[in-house]
Amino acid sequence: MGKEKKKESFKMKNTIYILLFSVVAALAATSCSRDLKKPGRVFIPDMNYSPGYETYSESPISTPEGYKMSARKPVEGTIPRGWVPTDEKIRTNQAFLMGYMAKNHFTHEPAKWDEEYAKAAATIQNPLEATKENLAKGKEVYTIHCTPCHGEKGDGNGQLVVLADGSDGPYTAVPPAYTKRLPEINDGNIFYSVSYGKGMMGGYGFALNVEQRWQVIQYIKSLAGITAATVAVVPVVVVAKK
Ligand code: HEC
């Protein structure tokens, strides 16, 4: 490379640096705003400013009554999720309560397990009639969710507990046979265990709605040979865990 050419490229580089510097300086000078509470130039406003309204900001669309806050009042007659109304009619009516029990009517903190298990036993009964339809639906739920451990007959020998060849399965706990365990507890206890789990059994509150839980409870009781008639004579026994 000749001396002249070297000089030229040096000049070019300088020009580029000067240009770059002035662009950066110009940006720096203009992009900040004098008002500290406001940004200067915003390049992609869509990303900075969400088109959604802030919860408690004013909305340009007002209700017919002139209410303008973007967070609207809940529709009359609606209630927050998980809230059990103090209304006697609801607290004492099983059918009404059904709708709420799926939520957090009972807590399931491990420390309160015994207390809540006993509370469920004392306060709730199966509100469904043991009709053929309910039993059939219960059987369906049972076959899908419970047979792997409890076994088709409810004897506790599901395919996870005892393998097809008769050897020990991968599941480490052994579920009790329903014929033994169910007569010792009542509907509320079972409801609680099926909803929130017990020991090595997980809860099914997430997968089964309240009605399905009662249906499967009816079905497992039928597996254990407990009929409505026998329930009537068996006194309510609240059995706390261990
Ligand atoms: C992963 C295996 C497993 C599955 C699946 C399972 N269970 Fe259990 N179940 C157990 C075990 C283990 C116990 C014993 C728990 C204990 O007493 O510590 C048990 C206990 C029970 C009891 C007695 C509860 C009590 O209060 O003593 C009932 C009722 C019951 N299961 C119903 C069901 C129903 C209904 C389903 C399906 C929706 C189901 N289980 C699914 C493993 C399972």
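**Packing of α9 and the ligand shell**

The axes of α9 (residues 187-196) and α10 (210-223) come within 10 Å and cross at roughly 120 degrees, where axes are lines fitted to C-alpha atoms, for helices over the stretch in contact, and angles run from 0 to 180 degrees between N-to-C directions. α9 is therefore oblique to α10 (under 35 degrees is roughly parallel, over 145 roughly antiparallel, 65 to 115 roughly perpendicular, and the rest oblique). Helices are DSSP runs of H or I with at least four residues, numbered from the N terminus. The model is predicted; local features need pLDDT of at least 70 and side-chain atom pairs pLDDT 80 or more, whereas totals for chains, interfaces and linings use all residues. Residue numbers start from 1 along each chain as its sequence is written.

Asp187, Ile190, Phe191, Val194 and Ser195 of α9 meet Arg213, Val216 and Ile217 of α10 (contact: C-beta atoms, placed from the backbone, within 7 Å).

On α5 (residues 113-123), the axis comes within 6 Å of that of α9, and the two cross at roughly 135 degrees. This makes α5 oblique to α9. Glu116, Tyr117, Ala120, Ala121, Ala122 and Thr123 of α5 form the contact with Gly188, Asn189, Phe191 and Tyr192 of α9.

The ligand is surrounded by 22 residues, the closest being Cys146, Cys149, Ser193, Gly199 and Met201 (a residue is near if its C-beta atom, placed from the backbone, lies within 6 Å). α7 (147-150), α9 and α10 each supply at least two residues of this shell, and α9 gives the most, with 4 residues.

How values were computed:
Contact = placed C-beta atoms within 7 Å.
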